[in-house]
Amino acid sequence: MKFSNINLLDELSRPEFAPLLAAFHERFCPRQSIIFTPRYDDHLSDQEPQKQESFVFIVKSGLIRVYLSCEEREFTIGFLKPGDLFVSHSNALVQAVDDSAILFLDTPTFNRGMMAMPEFTMPIVRVLGGMLKSCFSIIDGLALRDVTVRLARLLTDLPREEDGQAPGSLIRLPLSGEKLAQSLGTSRQTISTLLTDFTRLGILHKEQRGLYRILDEERLRELLR
């Protein structure tokens, strides 16, 4: 699930927002690294839990997963792509799926920047509205829908890759089979069976491990209804 269709990198590239953009700090996040956690500080100390500062961050490159974890269960809340925004003080964990880069800024400085540039408030309000709508959709999927719908929603929200070699868009599964199953609240065997069913029905075509071509986008979206 993506949180918003607004690319804040595009917004911040406008000349009038240059002072706010200059206040952000860039950070490289290696693949599979934990970026933020609700329990520890930004340095991820393995000592006693510490009070974590609150940061606003915008994805500059790569793909980032936001998820909840309880014991051995994980639920993916959404995937952040370049231009997406998130705040570290939520109760979610944030992990780089691929090598990624983020622009981050402490929340008080970000708030002061918004007050100094009220014209930036409108895109932020639209982003927050989109995040709220997405969260309700996620709750609906986890609580009321079966795993087929949850998998279909994940596939429709993944970034598309065009190779020009055959009809349809390519999607790359962002997690291994076991992690993907955990994130959708089911078993690895169930995910494998569903992907096989989608392939048999002509919705997907498996190109290689973890890489699929969507052959029937409309039929895939019908599964969400």
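Q: Which element gives the most to the lining of the largest pocket?
A: Helix H7, with 7 residues. A pocket here is an open set of points on a 1 Å grid over the protein atoms alone, where a 1.4 Å probe fits, with protein on both sides within 12 Å along at least five of seven lines; lining residues have an atom within 4 Å of a point.

Q: What kind of model is this?
A: It is predicted: local features need pLDDT of at least 70 and side-chain atom pairs pLDDT 80 or more, while totals for chains, interfaces and linings use all residues. Residues are numbered from 1 along each chain as its sequence is written, and side-chain values use heavy atoms, leaving out hydrogens and water.

Q: Back to the largest pocket. What volume does it have?
A: About 500 Å³, the space filled by probe spheres set on its points, which are joined across faces, edges and corners.

Q: Which lining residues are closest to its centre?
A: Leu173, Gly177, Arg209, Gly210 and Tyr212, out of 18 lining residues. H6 and H7 are the elements that give two or more residues to the lining.

Q: Which residue is the bridge partner of Ile171 in S11?
A: Tyr212. Strand S9 (residues 169-172) is joined to S11 by 4 bridges, and the two run antiparallel. Strands pair if DSSP finds at least two bridges.

Q: How many bridges join S10 to S11?
A: 4 bridges, again antiparallel, with S10 covering residues 204-208. His205 stands opposite Arg213. S10 and S11 form a hairpin with 2 residues between them. Gly210 sits in that turn, with a positive phi of about 80°.

Q: New topic. Which residues of the largest nonpolar core touch the most other members?
A: Leu151, Leu155, Ile191 and Leu204, in a core of 26 residues. Such a core joins buried Ala, Val, Leu, Ile, Met, Phe, Trp, Tyr and Cys through side-chain atoms within 4.5 Å.

Q: Which elements give two or more residues to it?
A: Helices H5 (147-157), H6 (177-183) and H7 (188-200), plus strand S11 (211-214). H5 has the largest share, 6 residues.

Q: What does Leu151 touch?
A: Leu184, Ile191, Leu194, Leu195 and Phe198, leaving aside residues up to four places away in sequence. Contact means heavy atoms within 4.5 Å. Apart from this core lies another, of 17 residues, including Ile6 and Phe110.

Q: And the open sheet, what strand order does it have?
A: S2-S7-S4-S5, 4 strands with antiparallel pairing. S2 (34-36) and S5 (73-80) stand at the edges with a single partner strand each, so one side of each lacks a neighbour in the sheet. S4 (residues 64-70) and S7 (residues 93-96) share 4 bridges. Among them, Arg65 pairs with Gln95.

Q: Leu80, buried or exposed?
A: Buried, because its relative accessibility is 0%. Leu80 lies in S5. Leu80 and Leu158 are 9.9 Å apart, C-alpha to C-alpha, and 78 residues apart in sequence.

Q: Where is Thr107 found?
A: In helix H3 (residues 107-116). Thr107 is buried at 15% relative accessible area. Ser54, Phe55, Val56 and Val87 touch Thr107, not counting residues up to four places away in sequence.

Q: How many helices and strands in the chain?
A: 8 helices and 11 strands. These are DSSP runs, numbered from the N terminus: helices (H or I) of at least four residues, strands (E) of at least two. Of the 225 residues, 44% count as buried.

Terms used:
Buried < 20%, exposed > 50% of the residue type's maximum accessible area, 1.4 Å probe, protein only.
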